[in-house]
Amino acid sequence: QVQLVESGGGLAQAGGSLRVSCVASGRTSSTYEMGWYRQAPGKERETVATINWRVGSTYYADSVKGRFTISRDIAKNTVYLQMNSLKPEDTAVYYCNAASLVAGNQNWYWGQGTQVTISS
């Protein structure tokens, strides 16, 4: 099992910046990828950004490319999402995710979510 605890987020104005963090604990040695997803009211959860835990390669949704940066601190088992040039449409609950592979079985773990609200 992997436990994820998010922090950060909150309220910002359009054009501003926020950073969310996610600390992983438990059986983290099997984690191969972590990422951030978001869900706005009435919409499905969508991928924001992911990072390969071992090599650090990243993926970004088109909607956040050039504005958001995902990074990790392996020693702290922490993944960050730096969000710049925020837009009202970035308003959502942001969820941290960890994907692990144990004995050929893939497991996904989720944090409790943190609210990000951007005012225009």
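## R67 and D90

R67 is buried, at a relative accessible area of 10%, where buried means under 20%, exposed over 50% and partly exposed in between (1.4 Å probe, protein chains only). D90 is also buried, at 0%. This is a predicted model in which local features need pLDDT of at least 70 and side-chain atom pairs count only at pLDDT 80 or more, while totals for chains, interfaces and linings use all residues. Residues are numbered from 1 along each chain as its sequence is written, and side-chain values use heavy atoms, leaving out hydrogens and water.

R67 and D90 form a salt bridge, with their closest N and O atoms 2.7 Å apart; the term means a side-chain nitrogen of Lys or Arg within 4 Å of a carboxyl oxygen of Asp or Glu. R67 lies in the loop between β6 (58–60) and β7 (68–73), and D90 in the loop between β8 (78–83) and β9 (92–102), so the pair ties together parts 23 residues apart in sequence. Strands (E, at least two residues) are DSSP runs, numbered from the N terminus.

## Other salt bridges

The whole structure has 4 salt bridges. One of them joins E46 to R38, with the closest N and O atoms 2.6 Å apart. E46 is partly exposed at 36%, whereas R38 is buried at 6%. R38, E46, R67 and D90 are linked in a network of salt bridges.

D62 and K65 also meet in a salt bridge, at 3.2 Å from N to O. D62 is exposed, with 65% relative accessibility.

## A buried charge without a salt bridge

E6, in strand β1 (residues 2–8), is buried yet has no salt bridge. The nearest side chain of opposite charge, R45, is 7.7 Å away; here Lys and Arg count as positive and Asp and Glu as negative, with His and the chain ends not counted.

Note on methods: Helix = DSSP H or I, 4+ residues; strand = E, 2+ residues; numbered from the N terminus.
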